[in-house]
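Here are my notes after a pass through the model, as numbered points. Have a look at the structure first, then read on.

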Amino acid sequence: MPASAVSPADTAALEQWLAEQKHKSLLRFLTCGSVDDGKSTLIGRLLYDSQLILDDQLASLRRESRNRATGNEGIDFSLLVDGLAAEREQGITIDVAYRFFSTDKRKFIVADTPGHEQYTRNMATGASNADLAIVLVDARKGILTQTRRHSFILSLIGVRHVVLAVNKIDLVGHDEAVFDAIETEYRAFARDLGFETLVAIPLSALNGDNILQPSPATPWYTGPQLVPYLETIEVATDRTSRPFRLPVQWVNRPDLDFRGFSGTVGSGIVKVGDDVLVAGSRLPARVSRIVTMDGDLPQAVAGQAVTVVLDRQVDVSRGDMLVHPGAVPDYSNQFQARLVWMNEEHAIPGRSYLLKLGTQLVPATITALKFRTNVNTLEESAAKTLEMNEVGTVTIATDKPLAFDAYRDNAAGGSFILIDRISNATLGAGVVDFGLRRAQNLSYQSFDVNRQVRAELLGQTPQIVWFTGLSGSGKSTVANLIERRLIAERRLAYILDGDNVRHGLNKDLGFTDGARVENIRRVAEVARLMADAGLIVLVSFISPFRNERRLAREVAGDIRFTEVYVDTPLAVCESRDPKGLYAKARRGEIKNFTGISSPYEAPEHPDVILHGGLHDPVRMAEDLYTRIFDWDAGYSI
Amino acid sequence: MSNNAAGRPLSHLETLEAESIEIFREVAASFERPVMMYSIGKDSSVLLHLARKAFFPSRIPFPLLHIDTTWKFREMIAFRDRMAATHGFELLVHTNPEGLAARINPFDQGSARYTDIMKTQALRQALGAGRYDAAIGGARRDEEKSRAKERIFSHRNAQHAWDPKNQRPELWHIYNTRLAPGESMRVFPLSNWTELDIWTYIYSEGIDIPSLYFARPRPVVERSGTLIMVDDDRFRLEPDEAPQVQTVRFRTLGCYPLTGAIRSDAADLPSIIMEMQASRTSEREGRLIDSDQAGSMEKKKQEGYF
């Protein structure tokens, strides 16, 4: 290095040294490679060489290193960063551990991503904030399947600078031919991965060859050494040269006289006096001040956290984006993206998720899973779901239009996560490839005769009553009783029954989780159309998943929607077994049978609960009728 | 810090500052009842400075909470009250009332039990009573191995416990702030700062910190190789023990009977930074709590300690 631990001798030198500390730049990188490639040893070596290992740690390290493979210093460097193995055994999630070191020129943050099984997920997480990646290969083994996998994920997440570290070069006799062959093979493979820089370095992390200084053992190598290279590589990407984007995080209103928009400049540069647009509304304004606690700034660049004041009153709130008027982002509710799935719960097209992009948070669904990419072979194949650690290319539709950029143009404006609406888990991470324009051109037809008119004509409140419960719980029996009574009262009702719909509209669907989602989506849409036509729609569907029932409610929009949970214990349903299905399911003749081999998620807040274990269907229908229809003497929508 | 008129790339401190400000704003925008832990030390001082920057010209839009064990250095309490008066933030102070009634102290109960009751339990009481859905703390990833993998937004269940098997992946600067009722988030805006970053930032921004960090003549006794300052007359001296005035300073601040001082002549910031760069022992060494049992930090975190 020499490291920053060198103590300045006198006050003047100290002031000078502190001034340098202030102006150091920051490089974030990640290391990819398995334990055997020497990843831990390399990170340990970097920490050791930057003199960040403290005396007390060093002493215990030397003790622990006995009987282990050590380099010239008598230390097994991997001990510095390991200790994750035990945690892995306990099942503790470790996707990324962060290490810090610095030299006189730069501060470094290293993302260390251990774990074999969850490697895709971990690497994607570590790579998301990295400027550079060190891809480690063992000189004895060369380019492996996992080297390709690592490189593909780097490319997917958009890491543009790569160091190919050919480690353990001492174990192949410092052979130039071995190094050349590996470098040539890797360059050929990486040609299509979009890396801006790629440097191959022969090194030994254990012995320190080509880490700080040129190694006398590799006189044939004329390229840079690892640390000097990391200290000097220019990664200050072109973020500043991209069009200006400021996602508004927080509206700053200390009093009535000040209204500022606080956020971090995502890309580009903004100056006082610049014209900007609000991305969604396209309302124009001019920047009148850029405020910070250190005083107003004449301009702000990508990465700075500022508060912008505009010259006029425009409607701006969290989730809006201030942008350059000549280069606006996409504003649409559909886009194509690549998605890394990160949860044990599979990705299911049609299911409703929450999508967070910048400061925007909206409901969204995967409308199509175009294909899955095998991260080892890069082969694309058709898929119905994505499992944990799988990568897919998808189209996504959001409930409201979003402002976004393609990820390759602007990482901050084109990256998003998907969140489960019940557990709030982060399920997946995605990068936007491009916006789809279709959705913008498709607007709803609006007719003169509307639901209000039809409701008045029929003299009833069009609505959806959604029954959920186990097979045999009594849903259809109760729905049938209600329908008979309504018809007797000259009110127009219609039952959508799970079994019947599956014979017609949904006969192409099976019983996998994905098919169940689509089953419910279609029924929800049909129920909405029928209610819009003025009917009272009674939907009798097991509908076992909370997310889909929520989706049905959302599809209904402003139509009255009552969720009725027919809460009949499994044992009671099974003893009735009107269709003999439970018996078959128990014998294993029916797969994915709700309650037996597939879960039923009971509603947390149903509008009505009917107790099928306590009351007979007539009593339940009576209860329900009172709750829903008795007050309904008149009609409203 | 932010006067980047030249358009050059941001320095590492400018980058760290901007990222911390972004985290603060995300908390203010996403949670209903945030609170910031204020422990008066150097990291808290940096945290306070960043919070003021994040919301300027508005005031910090959430209260600061100090868990007062009643055994803090007297100067810490005076400093705390001065900061609250100077910067006009809302200051909440909580002491475990049962611990107070039972006269729990570091001498009779031992450091582990005392810390559990007066710090961990007290914190849980205060967070529960305030129904805070986000608590901001000053922990850094470089402090200790178990913190290296901690999230910036760290999810806690309804019992305030950290479930290491159920943490959310954190990508880019997109933070998943969603919570179910009763759950909460711990948020660590200083995650990516190192001890050197903290000191360099304090120096370059001129941030006020308690003078306990600077070497001064102070009355101390030596116990098991650790120098303890006798800050008031509650300190129980052994029969043959008498405080000696020595020139010492503290690398971390906590409860005075549990905080080791170091012999030092570093009386100003540059000297401290120089001494720190020359010294070769880890920072938490001065805190007696960690040496009580192995892996104790991990355990404390699962119990709700910061």
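1. Among chain A contacts with a separation of 6 or more, 72% are between residues 24 or more positions apart. Keep in mind that this is a predicted model. The secondary structure of chain A comes to 18 helices and 27 strands, and of its 637 residues, 55% are buried.

2. On confidence: chain A has a mean pLDDT of 85, and 87% of its residues reach 70 or more. Residues 1-8 of chain A are one stretch to treat with care, as pLDDT is below 50 there, though the model gives this stretch 27 contacts beyond near neighbours in sequence. Residues 438-446 of chain A also have pLDDT below 50, and that stretch has five such contacts in the model.

3. Which residues have the most contacts inside the largest nonpolar core? They are Phe29(A), Leu30(A), Ile134(A), Leu154(A), Leu164(A), Tyr186(A) and Leu226(A), in a core of 77 residues. Strand S4 (residues 132-138) of chain A gives the most to this core, namely six residues. There is also a second, separate core of 76 residues, and Leu16(B), Ile21(B), Phe62(B) and Leu212(B) are among its members.

4. Now for the surface of chain A. Leu457(A), Leu458(A), Ile487(A) and Leu492(A) make a nonpolar surface patch of about 380 Å². Leu458(A) sits in helix H11 (residues 451-458) of chain A. Its relative accessible area is 31%, so Leu458(A) is partly exposed, and because patches take residues with over 30% relative accessible area, this value passes that cut-off.

5. Over in chain B, Phe107(B) lies in the loop between helix H4 (97-101) and helix H5 (110-130).

6. What does Phe107(B) contact, leaving aside its neighbours within four places in sequence? Its partners are Trp71(B), Arg223(B), Arg234(B), Phe235(B), Arg236(B) and Pro257(B). Take Arg234(B): this residue is 127 residues from Phe107(B) along the chain, and their C-alpha atoms are separated by 10.0 Å.

Notes:
Residues are numbered from 1 along each chain as its sequence is written. Chains are lettered from A and ligands numbered from 1 in the order in which they are written. This is a predicted model: local features need pLDDT of at least 70, side-chain atom pairs count only at pLDDT 80 or more; totals for chains, interfaces and linings use all residues. Side-chain values use heavy atoms; hydrogens and water are left out. Helices (H or I, at least four residues) and strands (E, at least two) are DSSP runs, numbered from the N terminus. Contact means heavy atoms within 4.5 Å. Patches are made of residues with over 30% relative accessible area and no salt bridge: like charges are joined within 9 Å, nonpolar side chains (Val, Leu, Ile, Met, Phe, Trp, Tyr) within 5 Å. Accessible areas come from the Shrake-Rupley method with a 1.4 Å probe; for residues, only the protein chains shown count as cover. A salt bridge is a side-chain nitrogen of Lys or Arg within 4 Å of a carboxyl oxygen of Asp or Glu. Buried means under 20% relative accessible area, exposed over 50%, partly exposed in between (1.4 Å probe, protein chains only). pLDDT is the predictor's confidence in each residue, from 0 to 100. A nonpolar core is a set of buried Ala, Val, Leu, Ile, Met, Phe, Trp, Tyr and Cys residues joined through side-chain atoms within 4.5 Å.
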